[in-house]
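Hi,

Here is the structure I promised to pass on to you.

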Amino acid sequence: MPHYSPQELATQLKSGLLSFPVTHFTQDLEFDEASYRDHLSWLSSYPVAGLFAAGGTGEGFSLTAAEIDQVVRAAVSEVNGKVPVVAPATGGTANAVAQAKAAEAAGADGILLMPPYLTEAGQEGLVEHVSAVCRASGLGVIVYSRANAVLNDRSVAALAERNETLVGFKDGVGNIENLTRIYAAVGDRLAYIGGLPTAETFALPLLQLGMSTYSSAIFNFVPQYALDFYADVRAQDHAAVYRRIREFVVPYLDIRDRTKGYAVSIIKAGLAAVGRPAGPVRPPLSNLKDGELAELTALINKIS
């Protein structure tokens, strides 16, 4: 049984920073459940509003359906209701529906619906896809609008009217006009989550568009810094936010942008840098080079 109803989930997610933990692997690239549980125990000791298991930062795209179920069940068991656990639903509609049902059976509190894999679709098809997942369980659903599944304001309004369990909209595009149109259309009916890579970069301007929270990947390895950054954003302390962007975020982005896929790899490197290794990333991603890890470690030490 979930610990949060769909509306309780939405209210909770709006209230604070969101955690997207990495998935721990052994050197043989097998799921390391003991290390993953230890990581979740550490993260959940901080005041975050939600934990998203096996998401993008958690390399959900590299996990089998059985592994996703194992990761979600481990998260539900370890967190034990301290914060809501949101599970992924991925791929085509049939696969996403099956994962939504599995997440409910595993005791998750919500679903993050990822874009369908390797196909283009019109708005009508996307509305049907999201609606099918919303009907598949009683859990609250957050739809991730990005890549080949960017929803416009009319589609979001139709989905919100049709599906009571649709409680959140996560944006991975950053189109200001589209976000303004969506908020004008449905207002506070949904929880809005910033989902661009290294979301801290965009957090302050997107706050004006109703996005009271965002997915923080850096929370994995510098949790208190991530929370302090979030507090500065919510206080609209421009000077403090841009000081943190200068001292950490920009040089961090310089490392992240050197190789495609580093947006995930750099998080595991950060955990290695703070003495809490999470193992390697799975192909097709690649790990940071030794020199880049040293550079990241020095950057983290400056803010610790």
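Predicted model: local features only at pLDDT ≥ 70, side-chain atom pairs only at ≥ 80, totals over all residues.

Let's start with the largest pocket. It holds about 990 Å³ of space, and 39 residues line it. If you want to find its centre, look for Gly 56, Thr 57, Phe 61, Tyr 144 and Arg 146, which are the lining residues nearest to that point. Three elements each bring at least two residues to this lining: helix 3 (65–79), strand 8 (213–216) and helix 11 (262–273). Of these, helix 11 gives the most, with 3 residues. Sorted by class, the lining of the largest pocket has 23 nonpolar residues, 14 polar ones and 2 charged ones.

Now for the second largest pocket, whose volume is about 230 Å³. Its lining is made up of 13 residues, and those nearest its centre are Ala 269, Ala 272, Gly 279, Asn 287 and Leu 293. Helix 11 turns up here too: along with helix 12 (290–303), helix 11 supplies at least two residues of this lining. Which element provides the largest share of the lining of the second largest pocket? That is helix 11, with 4 residues. By class, the lining of this second pocket comes to 7 nonpolar, 4 polar and 2 charged residues.

Best wishes

How values were computed. Residues numbered from 1 in each chain as written. Heavy atoms only, no water. 1 Å grid on protein atoms, 1.4 Å probe; cavity = no way out; pocket = protein on both sides within 12 Å on 5 of 7 lines; lining within 4 Å. Points joined across faces, edges and corners; volume = space filled by probe spheres on them. Nonpolar A, V, L, I, M, F, W, Y, C, P; charged D, E, K, R; others polar.
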